[in-house]
Each structure stands twice: as structure tokens, then as C-alpha cells.
Amino acid sequence: MHDQELILRLQRGDEWAFQLMVRRFRKKIFSIAFGMTLDAEESQDIMQEVFLQVYRTIGDFRGDASLATWLHRITVNRSLNWKRRWARRFKWLHVSTDSTDGQPAVEPESDLPSPEIRVANAQTRRQIDNALKMLPDQARTVFVLREIEGLSYEEIADAIGIKLGTVRSRLFHARRRLKEILQPLMEKEE
Amino acid sequence: MRYRFRCLLVLVVLTLSWFVTADALLAQESCRISVDTILAARNDTVVDPQLKRHIGELQSMFNYTSYRLLSSESLNLSVGQSGMVSLPGDRRLKITPQSIHGSRADIALQMMKQKRTVFETQVQLLNQGSLFVGGPTYQNGNLIFKISSAY
Amino acid sequence: MTHPYADACDEIRLDRYLDGDLDAGEMAQMEAHIAGCLQCRRQLAALTAFSHNLRDRVHDAANSVDFVALEKQVLNKALRQYRSRGGLSRFIASLKYTIPATVTAGLMLFFAYSNYVLKPPPLPSAIINSFTGSMSSVMIFETPETRQTILWYTEETDVESEPNAV
């Protein structure tokens, strides 16, 4: 179903259209939320909140952006709000890559048979999480939308409500920061 | 559904308006005048069954012991239109509604015996109300004319 | 021909190269530079690997989610929301008709009560405005409680008269 028709049906309170929208965008919204929060449970809650907000406010949707852009916008805002909320509660714990007792700091969750691969995966996960957490919110948001969702600069600008130049600038700063964080790894690989 | 509801509401308002204004609207056209001729006497205690409904009223006003309904006549008269009712003893009552307004009707009454006018009177008769005109002797008693109006 | 920027490391340009935001000419220059620049190759590799791992990370997290159950939860919550909101809205909308209907019914009851239940004080059944005639006597009475008007007259030609008829 085309976006316009979907929106019209949603505005009429069509339950089936709502179901279709949830099915179409659920993974996308979860992915963005997870990229920003790195918390699967919270990402699920954010996903629900996004859909419920859409259900409540679809009547106000003027169609000045695509449905996807509007969903991106809501998801980013909710994810940032989550971060701010939990930052006050100090939920984010600094997870060290160096474990003093020789055991990995975070239990790996993988169904791969090889323990070495599981450990490697766990380390990679930690590296990614730590590196992302070190990015400022604004840079991280742009980076997540670009690298996870593959949005163009224009789409990112629409989703966050910033200028094209600002998108480029923030993306540049995100990658610069990541390069600094990943520098030791880069030297190790060579 | 919304349309039917509105129609119902309009109907209710119109019905209410009719109840409120019906008196004023209909009263101006015509009225129904009834004249019951009653023979009241003291030589017996017969009460005409047709007067059973009015016996309480009659006994509260008069101290006769018997009441007989001699005649009952009704006229539908428009404003300005005269009607004549024949009464016992060669009497006639000419009735002319002159105006009908609010709860009263202005009625001109002319009582005649043979060809002579006995009296003329202008009365304001209450809707569903009555005027009792009595006194003339007849047979063993007195005649009482109950003049009622309805509009 | 060697382009003036071919040997210079340009982080911004590298970024745009990563995003495919260079035109054909710029792309060729960048590729030529990368081929000869270890630092840029390292940075490119690291960023590309990072992005790849990040996408895998997100993909793995998404795969562990029961989206079917989540979808049901969302739908139920949305319907509950709709019903409670709808009920309220419907209630408010119905007031548009309920209030005038109630007022009308109230007015009708008031008039009915006033006219038929509450007995107003009786008015005189008849008011004599004028009276002329040739008779012996005339009396006009009004009964005290029901205010029934009685006009009692004695004709001049009457042989018998009843002075105590009333």
C-alpha cells in the first residue's frame, strides 16, 4: 500500500492500516532506537511509544514529510529523551574492555559453537558499544541514521530538522571521534 | 443518524411551541357555545341522570331538591356570527361571540321572551367556563340556563 | 597529469568518499590518493569495519526481539487508547444533542406541571361587563370557592317568584 493511502487509512482509524504500518516499520524503528540507546529492552519500549504516538497524532500529520521521515523524527526524539532520562539516573555504566578477573565484563549471548568466536564477538560488541557511547548525542544520531538506516544527507536533514551542511558537519565529527577511538585497533591490524 | 436526531429535536421544539401558543392561535377563529336548560324545583327529589355529573355543582349553588335537564344545545359560532337557542316558555337566547382572546371569549347575550327582549348582557366567558342564568318560572320550578364556552 | 589534491589527506573528502558523495572526477582522485596513502587506507578500513560491525550488532539485537508479540502489544494498547478517547469524544459529541433535548424536555415538563398538576387559583367563570333589561330584579353572584358566576333575574311578567332560589 502506498504511503499516502496508508496515511489516509490511519487517519480514519483503520486498524488494519495501523497493523500494516507497525509491520512495515517495526524493525527500522527498533534499529534506530537501538543504535542510539544500545539497550534492546529500552529500544522495544521506544518502538511501542513511537507507534502509539503515531496512532494518537496521525490526525495532525500534515504530509509535509514522508511517513518514514516522520517516524524517524519521533524515534530520534524519543531515543534522545530516553538517554537524557537515564543519564540522570546514572543507568549507563561504564563497561571496561579490560577485565581485572580475566573474565569478560559482559556475558556473551551467541549461539555460535566456538567459544573463541563468541569471545571475539563479545569483544567486538563491547568495542562498538563503547565507541558509540563516546560520541556526543548530535553526532551519534546522524551517524546512526547514516550507517544503520542508510539515509541520505537530505533524509537525515529532514528527519532531524537540520540543514544539509549541519548533517555533513556532524557526520564528519562523529567519524573523526571514532577514528580517534579506533586508532589503537587500526595500528594493531597493520 | 445525526439527521434523524436533529429532526426529532426540531419536532420536539415545535410540539412544545404548539402547546404554548395553541390557545392564542386557535382561539381567535371560533368557539363552541353550549346551552343546557335545567328545570329546578322543590316539589320532588328527582335528579336527571344526565345531570349526575353536575349535581354537586348545582347543589352547591342552589337549594333546589330536583333538577331535570330539559334540553341541551351546542352551537359552533365564529366571531361576529350569531346563533339562536330556543328555550322553554317561548324564550330564545341570541348568542354572538364578539372576540376571543387569551382565556376568555367576549360574548353578547340577548334573552328574548316572545318577541320582547328581556335582557342584554356583555360577558367575558372563561374558556371551558360557564355562566348560570336563572330565575324565570316554568311549570313547578325555575329555569336555569347553563351557558358554557369552549375554544 | 597529477591533481594538486591527489597526495593531500583530506578528511572531509574521505568522509564524502565513504558516503559516495563525490562526482566521478573527485572519486578517481580520491581512489588514487587512497592507493598511495596508508593512513587514509587505515582510516577507511577502520570506519568501514566499524559500520559493518555496527550493522551486525543491530541486526543481531533485532533478531532476538519477538516482533510478533510486540506488534500485538502495540495494537492492543492503541485500541485501548482509541476506545477510551473515542468514548470520551463520543460522550462529548452526544452532549451537543443531549443538552438541548434535556432543556426541551424540562420545559415541556414545566409547562405540563404548571398547567395540569399545579392548580392555579380559580378565575371567575364569567365577568359581566354590561347588563340592560326590563325585569323585576337581577342579582349577580359568584360562589366563593369555585368562583362560578350566577346571574339570577326575575321577569316582570312572572306570576310566581322564588326569592330564596339561591
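I begin with one residue pair: B:Glu120 has C:Thr132, in strand 1 of chain C, as its bridge partner. Please bear in mind that the structure shown is a predicted model.

Strand 6 of chain B, residues 116–126, is joined to strand 1 of chain C by seven bridges. The two strands run antiparallel.

Let me turn to the contact between chains B and C as a whole. Chain C contributes 32 residues to this contact, and chain B contributes 30 residues. Which elements of chain C supply at least two residues each to the side that touches chain B? They are helix 4, strand 1 (126–133) and strand 3 (149–154). Strand 1 of chain C provides the largest share of that side, namely eight residues. By class, the side of chain C that touches chain B holds 18 nonpolar residues, 10 polar residues and four charged residues.

I move now to the contact between chains A and C. Here 29 residues come from chain C and 36 residues from chain A. On the side of chain C that touches chain A, at least two residues come from each of helix 1 (11–18), helix 3 (38–63) and helix 4 (67–117). Which of the helices of chain C gives the largest share of this side? Helix 3 of chain C does, with 13 residues. As for the classes, the side of chain C facing this contact with chain A comprises 16 nonpolar, six polar and seven charged residues.

Note on methods
Residues are numbered from 1 along each chain as its sequence is written. Chains are lettered from A and ligands numbered from 1 in the order in which they are written. This is a predicted model: local features need pLDDT of at least 70, side-chain atom pairs count only at pLDDT 80 or more; totals for chains, interfaces and linings use all residues. Two residues are in contact if their C-beta atoms, placed from the backbone, lie within 7 Å. Helices (H or I, at least four residues) and strands (E, at least two) are DSSP runs, numbered from the N terminus. Ala, Val, Leu, Ile, Met, Phe, Trp, Tyr, Cys and Pro count as nonpolar, Asp, Glu, Lys and Arg as charged, and the others, Gly among them, as polar. Two strands pair if DSSP finds at least two bridges between them.
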